[in-house]
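Q: I have not worked with this one before. Could we go through it together, a few residues at a time?
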Amino acid sequence: FRNAFWFIFGSAAATFGFNTSQTLMPLHMQRVGLNPEQIALIMSARWWIGIPLILYISHLTDHWQGRRGRRTPFLMLSLPFMVAGMVFFPFVGTAIGCLIVFTIFAFFMQVKYDTYPLLVYDVAKYKYWGRMAGIMLVMGNLATWLGQVVLMPMTDTHGEKTVYLLAGIILFLATILTIVFVKEPPIVSPEPPMWNPLPVIKATLRVGFSDKRNIWLFLAYALSCGPWVVLNNIALQARVNLHMTDGDIGKHVLAYGTLAATIVAVIVGWTIDKIGPVKAITIGYVVFIASAIIG
């Protein structure tokens, strides 16, 4: 229970700072003169980095043999670089500068968020994984909402540099609390990690494609990630076409969606159990496409 508390608290607090800064990044790029195509290309760096990195980092953390556990060393490694990328981002004013700083931020952010979910499996019993995920989802949504109604409006009153700095401090402290207070079980792999990423990625892909039915699942999952394209551009749409300020975007656009997602998160597990995952996904996708077209 101690592990669960500090893990969920640290996750929610980190989300409070992290999601705010990530939402503000495309708005900053638009403010310094980048067009939507340039912004989209820079933001896509996160996903290109994530493709090989998630396969590699998951292998390293599974086979890590350090004295401080398997997962927390990677949280410690990623934290200073990720925070530095957040804090320095509002100081860059060119496309190349934004690309360099965002790539550093995205790389180490990917290291953290490829590692953080795996910590759940180590600190919680199998029968509690679903409940842990549900509580984390609700708390994460509430933290995101607080960032939208508290931190984002501060860009209008205190300037964006102050907001990025506060977001970085909150992320840093929240992650440190997780590292200090969450105690990993003494799980040690008998085999050390392979450092060459190429055979690691090749072996992982070989396992994934060993069953041809998985290809349909991979394709379906890839298509289900399509909404991220829309979600990443909602704030930009409000800024460019509706001429809203950062604070108004947070309070009067994004906050309502986050509250709705929080309410849905409470009942979604029960709904899936009642109607099945296929129907739940279908209903969700239809509603999303309709709302995206209207928006």
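Q: To start, is Val-180 buried, partly exposed or exposed?
A: This is a predicted model. In it, Val-180 has a relative accessible area of 43%, so the residue is partly exposed. Val-180 belongs to helix α8.

Q: What is the geometry of the pair formed by Trp-64 and Trp-195?
A: Trp-64 and Trp-195 are edge-to-face, at 5.8 Å centre to centre and with 85 degrees between the planes.

Q: Where do Trp-64 and Trp-195 lie?
A: Trp-64 is in the loop between α3 (45–63) and α4 (72–88), while Trp-195 is in the loop between α8 (160–181) and α9 (197–208), so the pair ties together parts that are 131 residues apart in sequence. Trp-64 is partly exposed, with a relative accessible area of 24%, whereas Trp-195 is exposed, at 54%.

Q: Changing topic: which ring does the charged end of Lys-161 sit over?
A: The charged end of Lys-161 sits over the ring of Phe-91, at 5.2 Å from its centre.

Q: What about salt bridges, how many does the structure hold?
A: There are five salt bridges. One of them joins the side chains of Asp-246 and Arg-31, at 2.6 Å from N to O. Asp-246 is in helix α13 and Arg-31 in helix α1 (residues 2–31), so this pair ties together parts that are 215 residues apart in sequence.

Q: Is Asp-246 buried or exposed?
A: Asp-246 is buried, because its relative accessible area is 3% and the limit for buried is under 20%. Arg-31 is partly exposed, with a relative accessible area of 39%.

Q: Which network includes Asp-246?
A: The side chain of Asp-246 also meets that of Arg-239 in a salt bridge (2.3 Å, N to O), and both Asp-246 and Arg-239 are buried. Salt bridges with shared partners join Arg-31, Glu-160, Arg-239 and Asp-246 into one network.

Q: Then what does Asp-156 contact, apart from its neighbours within four places in sequence?
A: Asp-156 is in contact with Thr-245, Asp-246, Gly-247 and Asp-248, leaving those neighbours aside. Asp-156 is placed in helix α7 (residues 154–158) and is partly exposed, with a relative accessible area of 43%.

Q: Back to α13: is Leu-254 buried or exposed?
A: Leu-254, in helix α13, counts as buried at 14% relative accessibility. Not counting residues up to four places away in sequence, Leu-254 touches Thr-23, Gln-148, Met-152, Ile-234 and Ile-249.

Q: And which residues does Thr-258 contact, with those within four places in sequence left aside?
A: Thr-258 is in contact with Asn-141, Thr-144, Trp-145 and Gln-148, with those neighbours left aside. Thr-258 is found in helix α13 (residues 246–275) and, at 9% relative accessibility, counts as buried.

Definitions and conventions: Residues numbered from 1 in each chain as written. Predicted model: local features only at pLDDT ≥ 70, side-chain atom pairs only at ≥ 80, totals over all residues. Heavy atoms only, no water. Helix = DSSP H or I, 4+ residues; strand = E, 2+ residues; numbered from the N terminus. Buried < 20%, exposed > 50% of the residue type's maximum accessible area, 1.4 Å probe, protein only. Contact = heavy atoms within 4.5 Å. Phe/Tyr/Trp six-rings, centres within 6.5 Å; stacked < 30°, edge-to-face > 60°. Lys NZ or Arg CZ within 6 Å of the ring centre and 35° of its normal. Salt bridge = Lys/Arg side-chain N within 4 Å of Asp/Glu carboxyl O.
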